[in-house]
Every structure is written in structure tokens, then in C-alpha cells.
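Biologist: Could you walk me through this structure, and tell me how you know what you say about it?

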Amino acid sequence: MSTIAVEVIYRGIFQKTMAKHITRGIVLAARKEGKVGIAFGRYGDSPERNGIPAKQFAIVADNDEELQGSIAKYEPTEVDVAIAVDDALCKGVESWAWYGLQPVNKLLKENGTLIVTTTQSAEELIPHIHKKELPYNLAVIKGKASFSGLWVYKNDHTDMRVLGALPRVAPHLFGSPALESAIREEWKDELKVASAEKSFERVQIRKVKPEEGNPEIPYSFTMPGWKSMEEGLVVRAIPLGSHFPGHDGGYRPERNPYFKKFTTRTMRPVVDFSKCTKCTLCWLQCPDSCFDVTPDGYYDANMEACCGCGVCEAVCPVDKCVTMVDDTRFDNNNGEWEMWKKDKDGYATWLASKIEHRPERSHGFHHRGQYEKERIEQTD
Amino acid sequence: METQASMDIQKLDSFKGVKRVTVEEYFTSGHRTCQGCESALVMKLMVKAAGPRTIVLGSTGCMYVANTTYYTTPWVVPWMHTQLGSSGSAGLGTAAGLKALMRKGKMKKEPINVIAFCGDGGGIDMGLSAISATLMHPQYNLLILCYDNESYANTDIQVSGASPWGANTTFSPPGKAHRIMHTRWKKNVAGMLAAGHPACRYVATVCASYALDMMNKVRKALSTGGPTFIHSLDPCPKGWDYDPMYSHELGELAIEAGIFPLYEVEEMKLKFYGKTKKIVEGRLKRRPVKDYLSRQGRFAHFTEEDIDYFQKKTDEMWEKWILPGVIPIQPEKDGGK
Ligand SMILES: Cc1ncc(C[n+]2csc(CCOP(=O)(O)OP(=O)(O)O)c2C)c(N)n1
Ligand code: SF4
Ligand code: SF4
Ligand code: SF4
Ligand SMILES: [Mg+2]
């Protein structure tokens, strides 16, 4: 055996502690079996923001020589296990400008395993995940995506449940006894050991064949080298926007073409235009300048740009006019206003079907005592 | 010798209502800030208010690193990076440079807005002397806008002179023996700069939760001319630790609790705005600071005692300061009132 690489794909700062526990736990457990390992974050992701996809890695090897060959890398070129701790990441990730859209299974080896924490089934997730030429396994750990803040950790055992699934999906990494002894030593908590054990039994694994998945070709850019930079390191400004595409009026700003930001999103706003009073607040308060102004004076959130912060829902003064809904219930970034204009009744039905899937929103700290409460709910 | 720069300024009237706000964006989408980053909103509103004939200088911090990710930009107007402590010098130098180029006929004569922004680390700590020096030069037109997210946020949340008492930061983690590791009260930067710079004709505080007020103060600062200063309080989901959808609400709560007063000092005349004005006039009761503190993870370690202390210090701002919310100095005889 040579080295085994695991990557954790997560949503930046609000899942950083959890990702660290997972990669650290992997190395500690492997050491119990006499292996060596290292856990590290991808340098380019720092400073991490909340929402924007980031990665941490755990590399495990039989001996120091093998490990050293793998650790001087910015990012492994292939991994045995990829772990996505938010199911919306299945649509692909764009961590930086010029990255383009990277499929969540991009680095997976043949017959490697993608683990996703989700409340959905494998069948529901596969249409989002980009097709791969090689077969791989999809392992599902049931549960809501766990978000907690920089300072207060939710500690709902999602990290332990991910670790617990590993001896099942990748027994060559380590076995359950090694993991349990590592958890006991590092976290000194029998409940955590129990959570890992339960997950070992409950994790569901399904084979994904090469022809299965999202057929879309992910967008990509060619990154300019330093020789193609202009004198004085000038970067050309974004041009002024112009009218709403296909219409004389309205306004759509030009946007940074090399970073779209929508893969930051786990939720997206849907707008009930029939309720909108055109008060301007969503448009004015969106930190990402997402709203295009329509020719008839509505505000249409541009789904290529929206990072799903939820500010527009929070500021809209009209009840149930802007609603944040689960982004995995969509397979495109189409504009909502044009859909509404074309068929208002159809739009109303569509809107209701999306709002039905509104998950209870928790992207982080709401109030003191919140995590204590949620911890009890999640650790069954 | 010319002392006032009155001639070369743009006349930017207040936006009379949200419907009159410019539709164009000069800071657009595609920046790598956190979800719900209020400072990104400040950038957007700041240049929306200033208009297309504006040059922006930005000192190191989130609004440099996250916005202009490798060889791309969200800026529509010209923007240039400057050193962490140099917003004052870069702004002054740019304003002076424009003036010289126009005087020598190397550039068309036209009023161009110069805005230099800095974070609280860059402006309230490191670059304070350069800002102070710049505010002493009435012959140059520029606005320095400090976006205050109450920490060195870009480098993962270290304490700054603007961090609130008791907040959890990378440099002040609460421990078992010492719960409160940051024991200094927030620096009063707008009050200090307004009181101490006779050549500066406009200093204001803003919060992007009140977008119209904020944009109109930017417009007023730029139209007043000379060196001017605006201090903006920006909720930061990463450093303050809250769900990004609450950015707007936390800004409102800071004002309603009287923690951050909204005011301007124009030609040494003090004027309060919005909810702060109502508080000053006794028409609105301040909300308990607890409503603000308990919604942020950076204060999650606070006990009731800590909250009471925070409340007491906030009450003092309103009950004991000679100019409530602005200047704390009192004559000796009233010292103990
Ligand atoms: C002279 C210098 N010291 C340290 C740094 C590292 N540094 C980069 S950004 C930053 C934080 C700046 O904090 P602030 O001005 O408050 O802006 P924020 O990141 O909060 O937006 C620091 C310390 C630097 N770039 N230059
Ligand atoms: S959720 Fe709303 S406010 Fe946030 S980025 Fe998307 S459109 Fe803008
Ligand atoms: S905030 Fe709500 S009511 Fe106001 S313009 Fe936006 S969608 Fe319409
Ligand atoms: S750390 Fe704070 S200021 Fe920096 S990008 Fe995130 S929210 Fe904005
Ligand atoms: Mg700061």
C-alpha cells in the first residue's frame, strides 16, 4: 500500500473547526494502526470567508518516506475519499477567481468514495454531481449540514459521524477499533464514540457508474501568467452596466466574469413579484450587487452572482415576498422575473413548490444557547 | 496662498428618497467576501453615492484581499491598493497629484472625487497619524472612509483599537481563569478626529443598515471639500460570529442600543441623525445592549455581570459625557455627577 489521501470540502470559516476535527481525527486514528499521517488546509483558501468553498486534507501513509512524497503539495492530484459536508457542494465549487467550476468528485480515484452529509438520498444528489469517466461510490450520512461560528462550536457530532463512516467506506484507512481509541484519547467523550459507531452502521453506500450524473461541462477559464499582465500590474476595470438584456429599459450591472460566487450558496432567494412593492430594499442592501433592475422596475436577483446570504429576505418589508429556499432543489441559474413575466400562474405554482422545500435556516450563530439546544436534537 | 480647495469639487446633492438613488453600480458582483459582508455593502454604497468620476484607494484588509482576487476586480471606477497604514498619505498624495497634473495642463481640469478607505486596523490603529496629518491640509479634497468591522478581520480576527470590550478575538480568547481577555473600551475615533482637526470641515459616522443616510453623508463629505472623514460601523459575520442574514439587523441594533451613535460634525456644528437623534431628544428609549450582544458569538462567553458592565459603560456615554455619544470630557466639578 502507498499513501491514502482524503479531502474535506467545506464552506469556509463556519465549518472550519469541523473540517479540522475530521482531518485530525483521520490522522490520529491511522496512527493507532502504526501508520503516519498529516492534516493540513489548502494554503490558497486562507483567509477563509464564510460560505466560500475551502478544502482540508488528511494524508496517511505506511512510513515517513511515502508520506514525505505527498506533503509538499498545494493540493493532492487525486484522493481516495472526498468528503462534502454540505450537500449543495455537489453542484461543484468555485473557490477563487479563475478556478472555474470544479466538480465535487474531480479528484476522486477510480472506485474512490464521495461522502456527503445530507438529508437527501443518493438518487436525489446524483443528478447534481458532474459525470465522471471512472466509477466511484457515493456514501450518504443522513443529517443537516452543520454550520457553526468561528468562536462557538456547535459540537453536534457531525465530525464524529463522518469519521465513523470511514472504516466502512475506506477500511484500508483504519478500522473502527483504532478510530474509537483515537476519539477516546483526543476528545475524551463516550458519546462521541457512540456517534461514530452508529454512523458506521447507518452510512448508505451506492455505486455510481461512469454514465451517471450531471452531463454539464463545467465552465473554466485560462489563468493569465505573470507575463501576460499589463505594465504596472494594471487590471482592467469592469465596464459600466447597461439595460436589462433583451429589453430597452432596466439595468444590469456588468460583473466580474472570472468569479461568479454562486457556488458559495446553499440557499437562494425566490421572489413573489406579485407581492413586491418595489421598495428597493433588497436591491440596495445586497452586499453582492446581485439585483438586476427589470424594465418594469422590479428587482431580479441574478443567480450567477448570488451567494445566498439571506440579507434580501431579512430586509424585505413584505411578508413572504422574498423567501430563502434550498438551492439543491434547482438545476439552473435562470432568472426568476422572466419566468414570472411569461406565465404568472405557472410561476406561482413553481414558487410554492420551491418554498415547500424551505429548510430550517441555520448558517451560524443566532442567539446564546442555540447550539446547546441543537446539539441535543442532532446527536440522537 | 490658497487655503481652501472649494473650486474643484463636485456638487452632489442628497438623494431625496431611495427611488432617486443612482441605478448604476460602480462596485459590482464577483468579490470573494463572506456571505452577508456589510463592509462589501459599504464599498458598493460609497461609490454609488460618489458617482463615476471617482478614484478609490484602499488599504490592505478584507476590502483589498477579498475584493481584488488574483488579477480580477469588482471595481468599475479606478481603484488602487495602498499599504495598511497609508490611507491618509495615499489619499492626500492622489488629491495633490491630480491638482498638480491639472495645474500643469497634463490632465483636463475637472473635479474628481478621491476616496481613500481603510479598515479599523489600518485607520483607527496603524494609520491614525497619517489620517490626522491629512486632515490638517485644507487645500486638498479627499474623503477618508474607515470601514470598521471591529477587528483585523482579514488575518482572522485580531483585536484592534476598535474592538468592543470583552469580545472574543484571536488575541483575546476567553479562558477558564480569565473570561474577559480584551479589557479596553472602543476607541472614539470620529469624536477625536472631529474635535482635534480645525481644518477638517466634515466628520460623520454611518452604518450601512441606513443606506440612504450613509450615501448622503458620503455625498455631503465630498461636496464639502477639503479633507473629510467618515467612520462606518460594519457587522462582520465571520468576526462577530452570526448567521449572515442578520448583518442588517445587527447594524440597526447597534444604533438602537446607543452603542454606535449616528452623527455628523460639519464646520464644528454637531447634528445627530435617525434613531440616534430620537434617543438624544428623549423620543426613543435605548434598547438594552443585551439584545445586541446576545446575537453574536463573539460575546457568547459573557455572563449577566459582563452584560451589565457593558450596559453601564454605554449608559455613561449618554448620561455622563459632556456631548452625549460624542465627547466624554467633563469639567472637574461635574466629574462625579
Ligand atoms: C504593515 C502590515 N502589517 C501587517 C499586515 C498583515 N495584514 C493584512 S490585512 C490585515 C488586517 C487589517 O485589518 P483592518 O484594517 O481592520 O481591515 P480588515 O481586514 O478588518 O478589513 C493585516 C494585519 C500587512 N499587510 N501590512
Ligand atoms: S441572498 Fe439576497 S442579499 Fe444575499 S447575495 Fe443573494 S440576492 Fe444578494
Ligand atoms: S425588498 Fe421585497 S418588496 Fe422591496 S423591492 Fe425587494 S422584493 Fe420588492
Ligand atoms: S471577515 Fe468580515 S469584513 Fe472580512 S470579508 Fe468576511 S464579513 Fe467581510
Ligand atoms: Mg477591520
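**Where chain B meets chain A**

Modeller: Gladly! Across the interface of chain B and chain A, 40 residue pairs, both at pLDDT 80 or more, are in polar contact. This is a predicted model, where local features need pLDDT of at least 70, side-chain atom pairs count only at pLDDT 80 or more, and totals for chains, interfaces and linings use all residues. Residues are numbered from 1 along each chain as its sequence is written, chains are lettered from A and ligands numbered from 1 in the order in which they are written, and side-chain values use heavy atoms, with hydrogens and water left out.

Biologist: What makes a pair a polar contact?

Modeller: Two N or O atoms must lie within 3.5 Å; within protein, one must be able to donate a hydrogen and the other to accept it, and residues adjacent in sequence count only if both atoms are side-chain atoms.

Biologist: Why is the meeting of B:Glu304 and A:Arg368 called a salt bridge?

Modeller: The rule asks for a side-chain nitrogen of Lys or Arg within 4 Å of a carboxyl oxygen of Asp or Glu. The side chains of B:Glu304 and A:Arg368 are 3.7 Å apart, N to O, so the pair qualifies. The count between chain B and chain A is two salt bridges.

Biologist: How do you know which residues belong to the contact?

Modeller: Contact means heavy atoms within 4.5 Å; chain B brings 68 residues and chain A 71 residues.
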